[in-house]
Amino acid sequence: MGKKKVPLSKAGYSEEEILREAAKIMRSKQTAPNPKKLSACPKCGNLYGVAEMRTHKPKCKGKLTAGAAIKRS
Ligand SMILES: [Zn+2]
């Protein structure tokens, strides 16, 4: 709580360790894209990211493709 951020290099980590950790984080981000950022188009049910959805929505013809639509009662 209220702890000041200390640069990793001053927190006992060597530069090599920091670079190794950074590479690990970047690799995991590449292999596992965040699925939370995808949302289903209310018209066609396809999944789009936020920016994609913005450009897709006005163009969407609202065609429900088989399997993409989740029926709600
Ligand atoms: Zn759509």
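A residue is called buried if 20 or more other C-beta atoms lie within 10 Å of its own, exposed if 12 or fewer do, and partly exposed in between, with the C-beta atoms placed from the backbone. The structure to which this is applied here is a predicted model, in which local features need pLDDT of at least 70, side-chain atom pairs count only at pLDDT 80 or more, and totals for chains, interfaces and linings use all residues. Residues are numbered from 1 along each chain as its sequence is written.

The chain holds 2 helices and 2 strands, where helices (H or I, at least four residues) and strands (E, at least two) are DSSP runs numbered from the N terminus.

Glycine 62 sits in the segment after helix H2 (50-56), and glycine 62 counts as exposed because it has 9 C-beta neighbours inside 10 Å. Leaving aside residues up to four places away in sequence, glycine 62 touches Lys43 and Cys44, a contact being a pair of residues whose C-beta atoms, placed from the backbone, lie within 7 Å.

Cysteine 44 belongs to the loop between strand S1 (39-40) and strand S2 (47-48), and, with 17 other C-beta atoms within 10 Å, cysteine 44 is partly exposed. Although 18 residues separate cysteine 44 from glycine 62 in sequence, their C-alpha atoms are 4.7 Å apart in space, while the C-alpha atoms of cysteine 44 and lysine 61, 17 residues apart along the chain, are separated by 7.5 Å.

Note on methods. Two residues are in contact if their C-beta atoms, placed from the backbone, lie within 7 Å.
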